[in-house]
Structures are given as structure tokens and as C-alpha cells.
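Hi,

Here is the model I promised to pass on.

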Amino acid sequence: MQRTAAVVLALGGAWTLALAPAVAETHTIVMENMRFTPDTLTLRRGDSVVWRNDDLVPHTASAAKVFDSGSIEPGKSWSTVLRKAGSVPYVCTFHPGMKATLTVE
Ligand SMILES: [Cu+2]
């Protein structure tokens, strides 16, 4: 909604909205207390996701055949761009109870 409002304001009318390219956004997911927060996130193709590890142990963000961060050390971040639409479940390979899902539209 924020993006839509900004485009309408910038271009002065809804008619131009359909022609305006979507602006890629960056979303941050925090790894803390052995969880991904938020654990569900909807984004658009071309958006970036940053995982930031605020825990005291390493974690990964790993989605089979889509992305794999490798070990993200405490205090570090890792990011990727989601280019294909779909539901993307992912886990931390070190802690299989850490699960989350991205929905790419
Ligand atoms: Cu982990």
C-alpha cells in the first residue's frame, strides 16, 4: 500500500500506475531466540531479503534449490534477491526446528 500511494503521488494519477515499474524493496528478517522473525513474509519478485543474525550462535537460511546462505555468524547478515514467484519454505540447517516461509508474488 505504501508503494502504491507513493507512485500515485509521484505521478499524479491512477492511470499511470499500471505503467509504472514496481520499485524493488528490501525486507529484513531477524534471527533471534532460535526463530526467524517474521516467520512468514510476502514480497514481490525482484525484492531483496536480508537475514540478520542477532543470536549468539550461527544460523543459516536455506531453501532447497532456491537459496542457501551458508553459515551466518552472530552479528552478521546475508541477503538474496527473490526472482521467481511462489511459496518458498526455508529452514536453518543447524536447527531444523527453525522454519519460515517466503511468499513471492
Ligand atoms: Cu539456526
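Predicted model: local features only at pLDDT ≥ 70, side-chain atom pairs only at ≥ 80, totals over all residues.

To start with the strands: in which sense do β4 and β7 pair, and over how many bridges? They pair in the antiparallel sense, over five bridges; two strands count as paired if DSSP finds at least two bridges between them. Within that pairing, Arg52 stands opposite Ser77 in β7.

Local features need pLDDT of at least 70, side-chain atom pairs count only at pLDDT 80 or more, totals for chains, interfaces and linings use all residues, and side-chain values use heavy atoms, with hydrogens and water left out.

Overall layout: the protein has one helix and nine strands, and from the N terminus the order is α-β-β-β-β-β-β-β-β-β. Helices (H or I, at least four residues) and strands (E, at least two) are DSSP runs, numbered from the N terminus. Of the 105 residues, 31% count as buried; buried means under 20% relative accessible area, exposed over 50%, and partly exposed in between (1.4 Å probe, protein chains only).

Back to the sheets. β4 and β7 belong to an open sheet of four strands in the order β2-β1-β4-β7, with mixed pairing. Its edge strands are β2 (35-37) and β7 (77-81), each pairing on one side only. Neighbouring strands of this sheet are turned by 20 degrees against each other on average, direction ignored; the axes are lines fitted to C-alpha atoms (for helices over the stretch in contact), and angles run from 0 to 180 degrees between N-to-C directions. Elsewhere, β3 and β9 pair in the parallel sense over four bridges, and Thr40 has Thr101 in β9 as its bridge partner. Strand β3 (residues 40-43) has Leu41 and Leu43 on its covered face, and Thr40 and Thr42 on the uncovered one.

Now the metal. The copper ion is coordinated by His59 (ND1), Cys92 (SG) and His95 (ND1), at 1.9 to 2.1 Å. The two histidines link distant parts of the chain: His59 is in the loop between β4 (48-53) and β5 (62-63), and His95 is in strand β9 (residues 95-104), 36 residues apart. In sequence the donor residues are spaced H-x32-C-x2-H. Donors are N, O and S atoms within 2.8 Å of the metal (3.2 Å for Na, K and Ca), and water is not among the atoms, so sites may look incomplete. His59 counts as buried because its relative accessibility is 0%, while His95, at 22%, is partly exposed.

There is one salt bridge in the structure, where a salt bridge is a side-chain nitrogen of Lys or Arg within 4 Å of a carboxyl oxygen of Asp or Glu. It joins Arg52 to Asp54, with the closest N and O atoms 2.9 Å apart. Arg52 is partly exposed, with a relative accessible area of 34%, and Asp54 is partly exposed with a value of 34%.

Most residues other than glycine have a negative phi, and most peptide bonds are trans. Asn33 has a positive phi of about 55 degrees, and Met34 one of about 60 degrees. Asn33 counts as exposed because its relative accessibility is 60%, whereas Met34, at 39%, is partly exposed. The peptide bond from Thr37 to Pro38 is cis, with omega near 0 degrees, and Pro38 lies in the loop between β2 and β3.

Cheers

Conventions. Residues numbered from 1 in each chain as written.
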